[in-house]
Amino acid sequence: MLKYIYQDLLSVVRFLPGAVAMGAIVSAAVFLAADKMRRGKRRALMLPMILFWIYLSVMLIITFFSRESGVRQGMDLELFSTWGINERNNAYVVENVLLFIPYGFLSPWAFKRLRGIFRCGAVGFLTSLGIEFLQLATRRGYFQIDDILTNTLGTIIGYLLFLICFPGAQRKR
């Protein structure tokens, strides 16, 4: 299984320079707009926001732009249908969890409103659901319930890592 994960990671490395560039451009645009609105009062949020936008660009390239349109189609609505079939499918499950760990870490760091395991988990769920629907519509991937579940799990793991790294950052109620 680790061999497949390693191969899959290597296959997307070629997209990283473009994704980082795209994320940097989006970050710059967001900060220029925010700077004009806030007059630079929140510069401390720059690093997490830049990392979030770069990561989001990497995620979009991995889930959409690294695949040809029309080559994958279909839906799999059976829960846990991916795990246990073979090592390749098990690798896909692990990769889906790994893909969303940075999302769960960077989202609450960049956006204080997402500090709370339910809020962050819900946003991870909705983001994953959106990706699955877009993959289905563009035929760049299969719509799989397992992907939504594993992506949400990755988001929650990422959020827990965020809490470990920033223990005082829990949203005040």
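Modeller: First, the ground rules. This is a predicted model: local features need pLDDT of at least 70, side-chain atom pairs count only at pLDDT 80 or more, and totals for chains, interfaces and linings use all residues. Residues are numbered from 1 along each chain as its sequence is written, and side-chain values use heavy atoms, with hydrogens and water left out.

Colleague: How many helices and strands does the protein chain have, and what makes a run count as one?

Modeller: Six helices and two strands. They are DSSP runs, numbered from the N terminus: a helix is H or I with at least four residues, a strand is E with at least two. Along the sequence the pattern reads α-α-α-β-α-α-β-α. Strand 1 covers 75–76, so this run meets the rule of at least two residues.

Colleague: Why is D8 called buried?

Modeller: Buried means under 20% relative accessible area, exposed over 50%, and partly exposed in between (1.4 Å probe, protein chains only). D8 has 18%, so D8 is buried. Across the protein chain, buried residues make up 40% of the 173 residues.

Colleague: Which residues is M1 in contact with, leaving aside its neighbours within four places in sequence?

Modeller: W83, E87, N90, A91 and V94. Contact means heavy atoms within 4.5 Å. The C-alpha atoms of M1 and N90 are 6.7 Å apart, though 89 residues separate the two along the chain.

Colleague: Is F80 buried or exposed?

Modeller: Exposed: its relative accessible area is 55%, and that is over 50%. F80 lies in the loop between strand 1 and helix 4. Leaving aside neighbours within four places in sequence, F80 is in contact with D146 and L149.

Colleague: How do you know that R88 and D8 form a salt bridge?

Modeller: The term requires a side-chain nitrogen of Lys or Arg within 4 Å of a carboxyl oxygen of Asp or Glu. In this pair the closest N and O atoms are 2.5 Å apart, so the pair qualifies. The pair links distant parts of the chain: R88 is in helix 4 and D8 in helix 1, 80 residues apart. The structure holds one salt bridge.

Colleague: What makes a set of residues a nonpolar core, and how many residues has the largest one?

Modeller: The set must be buried Ala, Val, Leu, Ile, Met, Phe, Trp, Tyr and Cys residues, joined through side-chain atoms within 4.5 Å. The largest has 19 residues; F52, Y55, M59, F100, Y103, L106 and F162 have the most contacts inside it. Helices 3, 4, 5 and 6 each supply at least two residues of this core. Helix 4 gives the largest share, seven residues. In soluble globular proteins, nonpolar side chains tend to be buried together.

Colleague: Which residues does Y103 contact beyond its neighbours within four places in sequence?

Modeller: Among them are F52, Y55, L56 and M59, along with V123 and T127.

Colleague: How do helix 3 and helix 5 cross?

Modeller: Their axes come within 10 Å and cross at roughly 35°. Axes are lines fitted to C-alpha atoms, for helices over the stretch in contact, and angles run from 0 to 180 degrees between N-to-C directions. M59, T63 and F64 of helix 3 make the contact with T127, I131, L134, Q135 and T138 of helix 5.
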